[in-house]
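Subject: Structure for your review

Dear colleague,

I am passing on the structure we discussed, and my notes on it follow below. Please read them with the model open beside you.

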Amino acid sequence: MSADSAAAPLAALAADRVDHRFKGLPPDADGLSVGELAAQRRNLFTGGFTTPVLALSAERLTHNLELMETYATRHGLAFAPHGKTSMAPRLFWRQIEHGAWGITLAVPHQVRVAREFGIDRIFLANELVDPAALRRIAAELARDPDFRFVCYVDSVRGVELMDAALRGSARPVDVVVELAAGEGARTGVRTEAGCAAVADAVAATRTLRLAGVAGYEGEVPDADPERVRAWLRRLTGLAAAFDEAGRFKGLDEVVVSAGGSAWFDAVADVFAEIPELSLPVLKLLRSGAYVSHDDGHYRKLTPFTRVPEEGALHPAFRLWSQVVSRPSAEQAFTNAGKRDAAYDLDLPLAQVVRRDGLERPAAGIEVTGLSDQHAWLRTAPEADLEVGDWVGMGLSHPCTSFDKWQLIPLVEADGTVVDYIRTFF
């Protein structure tokens, strides 16, 4: 995969002007290009940045990219990290530079963003039945012979809608039958017999091509290692049954895909058991939250807690806000709220306090709630906190952290801002 097609749009990001669209940036930077501001290498704490401001650690980002590249290589997995986490083309390309096969996405808008920035292998981990979106995909496939696109199917009706929208297309759209993670789970065909019926419907079209099977083990009801592995063996068994039935004739490889951010160790183990098929198997892992990791949900769930010998991801986000009110010895408020911080899974975690250039642990400080623009802090007697202090908070759930910021400073350990990450949600 070449970055040549991405060079111009990525350069356009650097040429974009700093203005009112972007939270937290220095007011005196208005009118500079993003690239010019990055070249100044301002300090996050002394360079005029305003609170609240979300910072992404440059060192921890690189560590996470390298760790998952190593993990995928060690386990013989292709890697298509889920781009919905960041929706940041610059990070997409960092992931590809660190060995990613392509990028996973969830909805047509995200595909448009990725294509604008030169991504030529896209796995859409979702059903796609919208005629306008399908026609756009078909046009992209016709225009670019290097473009590889794969998406889910999970019903005969869905196949019929896709076929109707794609009549006359120059190239067929590759699809994988999605096996549901169980009764009551999210999308996907509930039974192997149902999967075969969907595969038959695909075979009856000229507009679609069956490329493999896929699913999402994160939806396994009452998930534990045994249940997750049992479902993954159903998925790999389905691939083997389809292959034995001759459903993959004419392909170069069979796609077998799974893997969120909580059970990729189980995916690696079970995918290693896939028997030899009539074609090579692209064992495609799709974990996305690793890129920034977090200080809550995924810190608890990451498979690296089960396989510590494989390494450890590092939380790369810190949200900085400022104490604006200290109405009592037991309470304080900072100026970051639901518009700035993820809160769908866990509240932010107060980690450090900065005052007069010195940083110390946020002892005795707890975030107890968020308003739209305020964090509610409970302060114990040992808490040393004053109006004007900066409070650094860890966040839970990367997907709902990235989406609140259009331009995120990439910050080295000493506070130097070396780049800015643009998102497109």
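The largest cavity is lined by S261, F264, A289, Y290, H293, Y298, T302 and L313, where a cavity is a set of points on a 1 Å grid over the protein atoms alone at which a 1.4 Å probe fits but cannot get out, and a lining residue has an atom within 4 Å of a point. About 50 Å³ of space lies in this largest cavity, and a search of the whole structure finds one cavity of 30 Å³ or more; the volume is the space filled by probe spheres set on the points, which are joined across faces, edges and corners. Its lining divides into five nonpolar, three polar and no charged residues, with Ala, Val, Leu, Ile, Met, Phe, Trp, Tyr, Cys and Pro counted as nonpolar, Asp, Glu, Lys and Arg as charged, and the others, Gly among them, as polar.

Please keep in mind that this is a predicted model, in which local features need pLDDT of at least 70 and side-chain atom pairs count only at pLDDT 80 or more, while totals for chains, interfaces and linings use all residues. Residues are numbered from 1 along each chain as its sequence is written, and side-chain values use heavy atoms, with hydrogens and water left out.

Turning to the strands (DSSP runs of E, at least two residues, numbered from the N terminus, as are helices, which are runs of H or I of at least four), eight of them form an open, parallel sheet in the order β2-β9-β8-β7-β6-β5-β4-β3, pairing being taken as at least two DSSP bridges between two strands. β2 (78-79) and β3 (103-105) stand at the edges with a single partner strand each, so one side of each is left without a neighbour in the sheet. β3 pairs with β4 (residues 121-127) over three bridges in the parallel sense, and I103 has I122 in β4 as its bridge partner.

Elsewhere, β12 (residues 349-355) is mostly covered, six of its seven residues being buried, that is, under 20% relative accessible area with a 1.4 Å probe and protein chains only. Five bridges join β12 to the antiparallel β16 (residues 390-394), where A350 stands opposite M393, and four join β12 to β13 (residues 358-361), also antiparallel, where R355 stands opposite L358. In the hairpin of β12 and β13, which has two residues between the strands, D356 takes a positive phi near 55°.

Finally, D340, in the loop between β11 (331-334) and β12, is buried, with a relative accessible area of 2%.

Best regards

Definitions and conventions
On a 1 Å grid over the protein atoms alone, a cavity is a set of points where a 1.4 Å probe fits but cannot get out, and a pocket is an open set with protein on both sides within 12 Å along at least five of seven lines; lining residues have an atom within 4 Å of a point. Buried means under 20% relative accessible area, exposed over 50%, partly exposed in between (1.4 Å probe, protein chains only).
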